[in-house]
Amino acid sequence: MMRIIGIDPGIAITGYGIIEERGSDYYCLESGCIRTSKDLESSMRLQSIFDQICALVDHHRPEALAIEKIFFSKNVRTAFQVGEARGVIILAAARCSLAVYEYTPLQVKQAVAGYGKAEKNQVQRMVQMLLRLKKIPPVDDEADAMAVALCHLQSHRWREAVKGGNQQ
């Protein structure tokens, strides 16, 4: 059994998903979004993200944190803000003695949908199917966070299989 917190970082919306692997099945224990108001100072928004990530980790006790790497082609301001959010999330993981694993959007899509250029709705449907959710997660950031956690669990399973094969 392994429990992971997956994170899709953002300054306005940070998606999260606590996913547990039991045998060959995956279960979503909790998912949602941390939202911060644009009316708050940036430092207060980051403090809120940090505090809420720490509270989730303290409550669910995951074994690791999986986070999406930044991928932006144009908007530098947004990239900086996401980078700041990622920084406080990684700091929260360090405070809680969690290992941090980072995955690109391509890796996440490949692991969850089987295709690195999958559309958002394909990833959402696969998250729904893999976790046997009654409905598609309502917010992209939440679905992406669950996808990052699933990516890590599948990558971990593969690494363990390879390690086991090399010991023979």
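Me: In which strand is the place of Asp 8?
Reply: This is a predicted model. Strand E1 covers residues 2-8. The place of Asp 8 is in that strand, E1.

Me: Which side chain of opposite charge is nearest to Asp 8, and how far away is it?
Reply: Asp 8 is buried and has no salt bridge. A salt bridge needs the charged atoms within 4 Å. The nearest side chain of opposite charge is Lys 120, at 5.6 Å.

Me: Which residues is Asp 8 in contact with, leaving aside neighbours within four places in sequence?
Reply: Among them are Ile 13, Thr 14 and Gly 15.

Me: Which element gives the most to the largest nonpolar core?
Reply: That core has 22 residues, and Ile 5, Ile 49 and Leu 98 are among those with the most contacts inside it. Elements giving two or more residues are E1, strand E2 (13-22), helix H1 (42-60), strand E4 (64-68) and helix H2 (76-95). The most, 7 residues, comes from H1.

Me: How many residues are in the second, separate core?
Reply: Val 112, Ala 147, Leu 150 and Cys 151 are included in this core. Its count is 20 residues.

Me: Over which ring does the charged end of Arg 22 sit?
Reply: The structure holds 0 aromatic pairs. Arg 132 lies over the face of Tyr 27, at 5.0 Å from the ring centre. The charged end of Arg 22 is 4.1 Å from the centre of its ring, that of Tyr 27.

Terms used: Residues numbered from 1 in each chain as written. Predicted model: local features only at pLDDT ≥ 70, side-chain atom pairs only at ≥ 80, totals over all residues. Heavy atoms only, no water. Helix = DSSP H or I, 4+ residues; strand = E, 2+ residues; numbered from the N terminus. Buried < 20%, exposed > 50% of the residue type's maximum accessible area, 1.4 Å probe, protein only. Lys, Arg positive; Asp, Glu negative; His and termini not counted. Contact = heavy atoms within 4.5 Å. Core = buried A, V, L, I, M, F, W, Y, C linked by side-chain atoms within 4.5 Å. Phe/Tyr/Trp six-rings, centres within 6.5 Å; stacked < 30°, edge-to-face > 60°. Lys NZ or Arg CZ within 6 Å of the ring centre and 35° of its normal.
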